[in-house]
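Hi everyone, thanks for making time for this. Let me put the model up on the screen, and then we can walk through it together.

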Amino acid sequence: VLNEVKFTTWNIIERFAPFGVGNPKPTFLFEKVLIADVRMFGKERAHTELSFAGSSVKAISFFSEEKYKNIMKGDVVNLVATMELNTFRGRRELRLRIVDVIH
């Protein structure tokens, strides 16, 4: 459930770090999420950002313009993702890193 993507959950996940070979990041399945918006970003619009209805959480994938080009606003999908802390431009926010999107 997307509402479980919060700092209390992140703090639990961080206890299992460091992640890498032999200790992969936990991967989560978010079932039947409604896509509220799809945005391509970056200099060459090569990255994908998904927003979801009823949630402020965003999911991203880098260099994925071809892989996710058929995802549209209003689609209901199953999202496989890891959770990460984004500190870009000094802002601390949790987001999801897309592993796969299943129609």
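Let me start with a question: in which loop does Phe 63 lie? Phe 63 lies in the loop between S3 and S4. Helices here are DSSP runs of H or I with at least four residues, strands are runs of E with at least two, and both are numbered from the N terminus.

Before going on, a word on what we have here. This is a predicted model, so local features need pLDDT of at least 70, side-chain atom pairs count only at pLDDT 80 or more, and totals for chains, interfaces and linings use all residues. Residues are numbered from 1 along each chain as its sequence is written, and side-chain values use heavy atoms, with hydrogens and water left out.

Back to Phe 63. Its phi is near 50 degrees, a positive value in a residue other than glycine. Phe 63 is also exposed, with a relative accessible area of 69%. For the wording: buried means under 20% relative accessible area, exposed means over 50%, and partly exposed is in between, using a 1.4 Å probe and protein chains only.

Arg 89 is another one to look at. This residue is found in the loop between S4 and S5, and has a positive phi of about 55 degrees although it is not a glycine. Arg 89 is exposed, at a relative accessible area of 75%.

Now the overall fold. In what order do the 5 strands close into a barrel? The order is S1-S2-S3-S5-S4, and the pairing is mixed. Two strands pair if DSSP finds at least two bridges between them. On average, neighbouring strands of this sheet are turned by 50 degrees against each other, direction ignored. Axes are lines fitted to C-alpha atoms, for helices over the stretch in contact, and angles run from 0 to 180 degrees between N-to-C directions.

Let's go through some of the pairs. S1 and S2 run antiparallel and are joined by 6 bridges, with Thr 48 in S2 as the bridge partner of Met 40. S3, residues 58-61, runs parallel to S5, residues 93-102, with 2 bridges; there, Ile 60 stands opposite Arg 97. S4, residues 76-86, pairs with S5 in the antiparallel sense over 9 bridges, and Asn 78 stands opposite Ile 102. S4 and S5 form a hairpin with 6 residues between them, and Arg 89 is in that turn.

On to the helix. Thr 9, Trp 10 and Ile 13 are buried in H1, residues 7-14. They cover an arc of only 100 degrees around the axis, which puts them on the same side of H1; the arc is that of the directions from the helix axis to the C-beta atoms. The buried residues of H1 pack against S1, S4 and S5, where contact means heavy atoms within 4.5 Å. The peptide bond from Ala 17 to Pro 18 is cis, with omega near 10 degrees.

One last stop: is Ser 51 buried or exposed? At 12% relative accessibility, Ser 51 counts as buried. It lies in S2, residues 47-52, and touches residues including Leu 34, Asp 37 and Val 57. Its side chain makes a polar contact with the side chain of Lys 58, at 3.2 Å. A polar contact is a pair of N or O atoms within 3.5 Å; within protein, one must be able to donate a hydrogen and the other to accept it, and residues adjacent in sequence count only if both atoms are side-chain atoms.

How values were computed:
Lists of a residue's contacts leave out its neighbours within four places in sequence.
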